[in-house]
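Here is a short report on charged side chains. Look at the structure first, then read on.

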Amino acid sequence: MASSSSTYRSSSSSDGGNNPSDSTVTVDERKRKRMLSNRESARRSRMRKQKHVDDLSAQINQLTTDNRQILTSLTVTSQLYMKIQAENSVLTAQMAELSTRLESLNEIVDLVTTTNGAGFGGVDQIDGCGFDDRTVGINSDGYYEDMMSGVNPWGGSVYTNQPIMANDMNMY
């Protein structure tokens with residue numbers, strides 16, 4: 001800057017200025033105004049920079065809060081998913097069990113239906129139930145009793161005397 005002001009002074013003085021000290025005063029005045037302007041510009045720049053940093057800090061805080069909420073929501077959703085998946089597994093197992101029992105009951109119905117219509121190949125039946133007179137008799141009280149203990153008249157079905165059980169693992 002000294003060279004520019006000295007150049008300005010020398011050119012002012014060579015231009016025929018009245019007083020060389022007047023040109024120095026005007027140069028110093030311009031230099032002072034420029035310095036003030038630069039200081040003000042630097043102050044505004046620092047303020048803009050500080051505002052930008054404050055805005056970024058506020059944005060970081062907001063994004064951190066949003067991230068925390070999303071993680072909480074994700075955790076809750078994951079827990080619900082695991083719970084529903086466990087319930088689905090229980091229901092799938094129950095469905096398989098009930099399907100097996102339904103098949104067995106359908107076999108029993110088919111057996112009873114075919115036995116009632118066709119008979120036991122000429123063997124006498126009691127009340128059309130398909131029981132052979134030789135295996136079932138009437139006791140002194142008037143009730144039917146099984147003469148052959150251990151023989152299952154329903155064709156050996158495993159599920160005839162078992163209640164339907166539900167898995168109580170996650171039942172409400």
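Arg101 counts as buried, because its relative accessibility is 9% and buried means under 20%. This comes from a predicted model. The partner of Arg101 is Glu97, and their side chains meet in a salt bridge with N to O at 3.0 Å. Glu97 is partly exposed, at 27% relative accessibility. Both Arg101 and Glu97 lie in helix α2, four residues apart, or about one turn of the helix.

Salt bridges with shared partners also join Glu40, Arg43 and Arg44 into one network. Within it, Glu40 and Arg44 pair up, with their closest N and O atoms 3.9 Å apart. These two residues, Glu40 and Arg44, are four residues apart in helix α2, about one turn. Glu40 is partly exposed at 31% relative accessible area, and Arg44 is partly exposed at 40%.

Why can such pairs form? Side chains of opposite charge can pair when their charged atoms come close.

Another pair is Glu29 and Arg32. They sit three residues apart in helix α2, so about one helical turn separates them. Glu29 is partly exposed at 32%, and so is Arg32 at 42%.

How many salt bridges are there? The count comes to five. Three of them are listed here.

| Salt bridge | N to O distance |
|---|---|
| Glu29 and Arg32 | 2.5 Å |
| Glu40 and Arg44 | 3.9 Å |
| Arg101 and Glu97 | 3.0 Å |

Which residues form a positive surface patch? Arg30, Lys31, Lys33 and Arg34 do. Arg30 lies in helix α2, which covers residues 20–118. Arg30 is partly exposed, at 49% relative accessibility.

Technical notes. Residues are numbered from 1 along each chain as its sequence is written. This is a predicted model: local features need pLDDT of at least 70, side-chain atom pairs count only at pLDDT 80 or more; totals for chains, interfaces and linings use all residues. Side-chain values use heavy atoms; hydrogens and water are left out. Patches are made of residues with over 30% relative accessible area and no salt bridge: like charges are joined within 9 Å, nonpolar side chains (Val, Leu, Ile, Met, Phe, Trp, Tyr) within 5 Å. Accessible areas come from the Shrake-Rupley method with a 1.4 Å probe; for residues, only the protein chains shown count as cover. A salt bridge is a side-chain nitrogen of Lys or Arg within 4 Å of a carboxyl oxygen of Asp or Glu. Lys and Arg count as positive and Asp and Glu as negative; His and the chain ends are not counted. The place of a charge is taken as NZ of Lys, CZ of Arg, CG of Asp or CD of Glu. Buried means under 20% relative accessible area, exposed over 50%, partly exposed in between (1.4 Å probe, protein chains only).
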